[in-house]
Amino acid sequence: MVFAGKRPNNLGISNGKLAPCPNSPNCVSSQTTDATHKIAPLTFTSSPEEAISNLKQIIESLPRTKIISERQDYLYAEFKSALLGFVDDVEFYLDRNANVIQVRSASRLGQSDLGVNRQRIETIRAKLK
């Protein structure tokens, strides 16, 4: 776990928002407006409770993943890279007002992630029905 880094202390929901992305390109968020970091929120056709349950199952099915925090409308998981053990912090917030799941996926260390955070969210989106 040489490249794990320290767990950020700004995670979670504040006033209905996940933490903003840092300036580095290794982060995506559905709650930002800038093109570098913008990603669409996750949508679902089931009930919100089913959606969060399905999301949890999808996260748990992915390799090198650990759910760190779980509340009724929030999931926080750590995803570890296979090669060097880099850790990405990934958050999901069930926004009941908008009827979507807001997402934030950010690398702890480095600058570029070679698109890994964006690809991860798109993989989860494809599995979430």
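The points below go from the overall fold to the largest pocket and then to one residue.

1. Please keep in mind that this is a predicted model. The protein chain contains 2 helices and 5 strands, and from the N terminus on their order is β-α-β-β-β-β-α.

2. On overall dimensions, the C-alpha trace spans about 40 × 30 × 25 Å along its principal axes. A compact globule of 129 residues would have a radius of gyration near 14 Å, and the protein chain agrees, with 14 Å.

3. Among contacts in the protein chain with a separation of 6 or more, 53% are between residues 24 or more positions apart.

4. Do have a look at the largest pocket, which holds about 470 Å³ of space. It is lined by 22 residues, and K80, S81, D88, V116 and R120 are the closest to its centre. Strand 3 (74–80) and helix 2 (116–127) are the elements that each give two or more residues to this lining. Helix 2 provides the largest share, with 4 residues. By type, the lining has 10 nonpolar, 7 polar and 5 charged residues.

5. Finally, is T32 buried or exposed? T32 sits in the loop between strand 1 (27–29) and helix 1 (48–61). Its relative accessible area is 17%, so T32 counts as buried, the cut-off being under 20%. The T32 side chain makes a polar contact of 2.8 Å with the side chain of D34. Beyond its neighbours within four places in sequence, T32 is in contact with H37 and K38.

Notes: Residues are numbered from 1 along each chain as its sequence is written. This is a predicted model: local features need pLDDT of at least 70, side-chain atom pairs count only at pLDDT 80 or more; totals for chains, interfaces and linings use all residues. Side-chain values use heavy atoms; hydrogens and water are left out. On a 1 Å grid over the protein atoms alone, a cavity is a set of points where a 1.4 Å probe fits but cannot get out, and a pocket is an open set with protein on both sides within 12 Å along at least five of seven lines; lining residues have an atom within 4 Å of a point. Grid points are joined across faces, edges and corners, and a volume is the space filled by probe spheres set on the points. Ala, Val, Leu, Ile, Met, Phe, Trp, Tyr, Cys and Pro count as nonpolar, Asp, Glu, Lys and Arg as charged, and the others, Gly among them, as polar. Buried means under 20% relative accessible area, exposed over 50%, partly exposed in between (1.4 Å probe, protein chains only). A polar contact is a pair of N or O atoms within 3.5 Å; within protein, one must be able to donate a hydrogen and the other to accept it, and residues adjacent in sequence count only if both atoms are side-chain atoms. Contact means heavy atoms within 4.5 Å. The radius of gyration is taken over C-alpha atoms; the globule rule is 2.2 Å times the number of residues to the power 0.38.
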